[in-house]
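Here is a short report on one structure. Please keep the sequence and the coordinates open while reading.

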Amino acid sequence: MKPHYFAAIILSISICFCLVSPVQALSFEFISFETDKMAYSVGESITMTADLLADFSETGWCYVSFIVKVLNGTVIHDDTYFIESSPNQRTFISRCSLLPDLVEPGVDGETLLIIFTTEVYDTYSKGGTDTISVNVSKGKVESEFCSSDSVNYGENSTLDFRMYSFENDSIPLSNENLSLRIYNAESTTVFENLSRTNSSGFVSNTWGSDASSGQYILNLLFEGTACFEPYEKNYTLEILPPKSSLIITNCTTEIMGVSPDGLFYDLVDVVIEHVGYGGVSLSDSIITWHTSFSIGYLTSIGNGSYFAAIPFNVTSGSYELNISAENSAYQAASVFTNVTVHPRLIDGFYSPLNDAICNRTYKIAYLISDYIAGYGISDIPAKASLFLNSELICESISSSNSSGYFSIEFSLPPNNWGLGELQIQINESQYYRSLDFITPVNISYMLDIDVNSTPFAVIGEFMELEVAIFDPNGIKLSNLDILLLDSSETCITQNISFNGYVSLRWRIPEISSTEICYFLLVRGNSILFQMNTTKELQFFLRCPIYLNVSSSVYTIERSSNWTLLFSVHSSFWNYNSINFSLIDEDSAISMFTTIPFNTTTLLYIPSSQDTPIGLHTITISPVNQSYVFYNDFTIEYYIFGKLNASVEVSTAFYSEMLNLSCLLFDDLDVEISYTSVLIYIDDFESSIYAAHNISISSLEGIDLPSIIYPGIHTITFIFNKTNYYSVNYTCDLTIWMKTQMILKVESSDNDANYTLIDQEDSNVFNISSGSIISPPPILLNCTTSFDLDTTRDTSSDNCPRFSSGTKILSTESENSLIVTSGNGQMVLNLKDLIELVSSCIITSSTDRDVQPKEIIPHSASSGPFVTKSVRYSDDASTFLTILLTKESCAFGSDVFLKPKSS
């Protein structure tokens with residue numbers, strides 16, 4: 001390159017011009033212009049570079065122009081364009097390819113002019129031009145053999161070439177003639193052809209079907225043009241021996257990978273056939289197989305066929321199996337196939353949960369084993385999931401143990417059941433395939449069996465159970481079949497529950513065991529996810545025994561021992577005897593005894609003084625709870641106390657009151673305050689008094705009925721009180737007559753001095769008793785009898801007995817009148833009285849004890865009396881009034897016996 005330098009042209013803008021017109025100053029400098037070389041050949045490119053400074057205003061412009069033309073003026077390259085303003089120096093580059101159709105250098109070459117032109121304008125214009133001359137000569141060509149340099153025997157081969165510029169492979173040698181000649185090792189031409197390249201520089205020839213195998217030289221010749229120099233090149237060709245082919249007639253292409261321990265792997269069985277030119281079977285070939293991990297040979301099995309069992313002890317993946325054949329008369333042949341090695345199959349086994357029950361915890365042991373080898377696979381991660389009604393209940397991720405087992409534990413919900421699903425997932429690994437195991441799981445529930453029964457059963461008797469069935473939510477269920485089975489699973493009874501309840505009734509068999517076991521089976525409904533549910537029922541057996549007692553009720557006096565006679569009988573268990581307890585908590589009786597069966601036993605029962613009176617119950621219980629009474633097992637007995645009575649009668653008056661005092665004590669000397677009383681007199685059938693539970697103090701006064709006449713009687717008191725023996729108290733009773741006597745005596749003389757009563761009261765003699773409705777027989781005529789003195793009877797029949805105790809029963813006197821007073825008696829002679837007074841009235845009012853007998857009343861004649869009143873008061877409250885008419889009428893002092901106090 002020869003650079004040309006121009007003098008720097010500096011354009012200055014006048015300061016005055018700037019003052020007149022405030023525009024931007026033009027700055028322009030054409031610095032340099034050059035090419036990369038000075039001589040070129042066809043196919044190369046000319047690189048042109050120019051350095052320039054152009055700074056102008058927005059209203060200005062500047063352009064650059066790169067022009068290449070031949071010396072005669074033909075332009076082969078024109079690159080002209082406007083540039084933008086810049087205060088910095090800039091480099092502009094342009095390239096021109098020397099194509100065969102643009103230049104034709106020939107033998108002498110060709111001169112090209114490289115012209116650079118620039119012009120700037122900003123109010124005024126400025127510019128510059130520079131020209132460089134370069135020389136262009138012929139270019140070189142190159143060839144590319146596009147076909148194989150070997151040709152199969154008996155086949156045609158296409159010989160393809162591409163011709164292009166050596167300087168630039170993108171410039172083809174277009175439409176030019178090429179000479180192609182092939183000769184053998186003896187330089188004998190076997191093929192020759194003149195051909196022409198196409199516009200892309202390609203040329204093609206067909207050769208080889210008749211050539212024999214061996215080495216050949218291919219000569220390519222280009223004689224050159226005005227643009228390119230001549231070109232010649234030799235290539236080596238080979239006619240290969242006849243081809244042979246390997247045909248895979250059988251091959252295993254899908255196998256399992258090796259086991260982790262390397263002991264188990266699959267074999268790839270391969271059978272091939274080696275065939276030569278014209279279909280000839282080749283049996284003398286060497287057949288080799290090889291893979292990326294091993295190599296080996298196939299064995300001839302005749303007729304051109306070969307076999308091998310190739311071990312593939314590799315993990316999963318895709319492997320290429322290459323098989324090649326060598327035979328001296330033929331080309332080597334090869335064939336390949338892909339063998340896919342899959343992860344080994346996994347076999348999973350678990351105990352099915354077909355009868356999973358809600359509200360329980362389950363542990364599933366899942367075995368992961370090698371499907372082919374059969375042993376458990378260790379350290380395989382697996383995930384187990386349990387779903388119920390599309391809801392995840394439990395999930396567990398774990399790895400198998402050394403035996404290939406992994407376990408999952410999960411708890412089923414207590415109140416949810418239905419069709420579940422168990423999923424077990426094992427991801428694919430280096431050695432094993434993935435496994436997705438899905439199995440349905442019926443999650444059922446156990447029925448809740450509620451049994452209402454006693455804990456024991458009696459041999460020979462009927463047992464009855466009330467059974468109710470519920471689900472886990474407490475809902476009562478109906479229409480379920482309920483069976484009662486014995487220990488040998490024999491159905492004893494069966495029923496269908498309605499309204500949620502069922503009653504089962506059966507007879508307890510006669511067995512010798514002390515316990516009996518049954519099973520209550522409720523048949524569920526699989527559609528409703530109900531499980532058959534069994535409940536064990538265990539009953540203690542009790543042998544029925546019979547209690548025979550000599551009496552149903554015993555009456556015992558307190559503080560006395562008594563005898564109990566009883567016997568016990570058993571119909572089932574033949575034991576000799578049985579231990580019994582006899583307990584009465586109220587009386588502190590606690591006895592234990594051994595009683596022989598079927599024998600009358602006499603037992604002495606004590607009754608202490610502290611035993612409460614009343615009804616008691618002795619509970620007889622077998623000490624061995626395996627026995628139970630078939631009848632009543634209690635004995636009632638009554639503890640009675642004794643009563644002691646004391647009665648004292650103070651007064652008893654006819655048809656009036658019986659006054660008495662009473663004391664009642666029990667056998668513990670405790671005074672009894674209340675009692676029931678019956679009082680009888682003599683032999684009367686009816687009681688004169690009856691009262692229930694009255695106070696003892698209320699017995700002080702008792703009314704006497706009028707049918708009980710005065711006199712001496714036998715009175716009987718019967719005292720009754722609950723829980724005490726009744727007591728009778730009998731004594732003699734004297735019933736007295738309470739009387740009032742009025743004696744009126746009148747004389748014939750009307751002596752006013754002696755008259756004490758009115759005349760209207762004359763001739764009156766009255767004796768009366770105020771409480772007597774009708775007078776007793778002794779006073780029927782209100783007088784005493786006037787019997788002769790010699791005939792006076794002093795017997796008790798005619799003379800009343802007085803309570804004073806005197807033994808003088810009567811005084812015989814003619815026409816006498818008997819007047820009682822106090823503790824003595826007096827006999828008046830009416831004759832004496834009549835002689836003294838003309839009239840006499842005796843009035844007596846007496847309350848005294850009188851016990852009359854059946855006597856004939858006395859009579860007395862009436863007459864005038866002189867009345868004189870004398871009053872004595874004693875225990876009998878006697879009042880005597882005597883009216884006398886004469887002073888000579890007087891009572892002897894010895895007649896009246898005064899009481900101690902008057």
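A polar contact is a pair of N or O atoms within 3.5 Å; within protein, one must be able to donate a hydrogen and the other to accept it, and residues adjacent in sequence count only if both atoms are side-chain atoms. This is a predicted model, in which local features need pLDDT of at least 70, side-chain atom pairs count only at pLDDT 80 or more, and totals for chains, interfaces and linings use all residues. Residues are numbered from 1 along each chain as its sequence is written, and side-chain values use heavy atoms, with hydrogens and water left out.

Start with Arg 344. Its side chain reaches the backbone oxygen of Gly 257 at 2.7 Å. Arg 344 lies in the loop between strand E25 (330-342) and strand E26 (346-350). Strands (E, at least two residues) and helices (H or I, at least four) are DSSP runs, numbered from the N terminus. Arg 344 counts as buried, at 1% relative accessibility. Buried means under 20% relative accessible area, exposed over 50%, and partly exposed in between (1.4 Å probe, protein chains only). Contact means heavy atoms within 4.5 Å. Leaving out residues up to four places away in sequence, Arg 344 touches residues including Phe 264, Tyr 265, Asp 370, Tyr 431, Tyr 432 and Arg 433.

Thr 197 is in the loop between strand E13 (189-196) and strand E14 (202-207). Thr 197 is buried, with 2% relative accessibility. Its side chain reaches the backbone oxygen of Leu 173 at 2.6 Å. A polar atom of the Thr 197 side chain also lies 3.0 Å from the backbone nitrogen of Asn 175. Beyond four places in sequence, the residues that Thr 197 touches include Met 163, Ser 174, Glu 176, Leu 178 and Val 203.

**Nonpolar cores**

A nonpolar core is a set of buried Ala, Val, Leu, Ile, Met, Phe, Trp, Tyr and Cys residues joined through side-chain atoms within 4.5 Å. The largest has 80 residues. Ile 368, Val 467, Ile 469, Leu 520 and Phe 539 have the most contacts inside this core. Strand E41 (residues 533-549) gives the largest share of the core, six residues. Another core lies apart from it, with 54 residues, among them Leu 52, Phe 92, Leu 173 and Tyr 235.

What does Ile 469 contact beyond its neighbours within four places in sequence? Its partners include Leu 447, Ile 449, Ile 475, Leu 477, Leu 480, Ile 482 and Val 522. Asp 448, Lys 476 and Gly 500 are also in contact with Ile 469.

**Strand pairing around E20**

Two strands pair if DSSP finds at least two bridges between them. Strand E20 (residues 286-290) and strand E24 (residues 317-327) run antiparallel, joined by five bridges. Thr 288 has Ser 324 as its bridge partner in E24. E20 also pairs with strand E21 (residues 295-297), antiparallel over three bridges. Trp 289 has Gly 296 as its bridge partner in E21. A hairpin of four residues joins E20 to E21.

**Rings and charges**

Rings of Phe, Tyr and Trp (its six-membered ring) pair if their centres lie within 6.5 Å; planes under 30 degrees apart count as stacked, over 60 as edge-to-face and the rest as tilted. The structure holds 30 aromatic pairs. Two of them are tabulated here.

| Pair | Centre to centre | Angle between planes | Class |
|---|---|---|---|
| Phe 293 and Phe 312 | 5.0 Å | 85° | edge-to-face |
| Phe 597 and Tyr 627 | 5.9 Å | 45° | tilted |

Phe 293 lies in the loop between E20 and E21 and Phe 312 in strand E23 (residues 305-312), so their pair ties together parts that are 19 residues apart in sequence. Phe 293 is partly exposed at 29% relative accessibility, whereas Phe 312 is buried at 0%. Phe 597 is buried at 8% relative accessibility, and Tyr 627 is buried at 5%. Elsewhere, ring pairs link Phe 30, Phe 33, Phe 66 and Phe 116 into a cluster.

A charge sits over a ring if NZ of Lys or CZ of Arg is within 6 Å of the ring centre and within 35 degrees of the ring normal. The charged end of Arg 505 sits over the ring of Phe 462, 4.1 Å from the ring centre. Arg 542 has its charged end over the ring of Phe 456, 3.8 Å from the centre.

**Positive phi**

Most residues other than glycine have a negative phi. Ser 390 has a positive phi, near 65°. Ser 390 is in the loop between strand E29 (381-388) and strand E30 (391-399), and is exposed, with a relative accessible area of 74%. Phe 529 also has a positive phi, near 60°. Phe 529 is in the loop between strand E40 (515-523) and E41.
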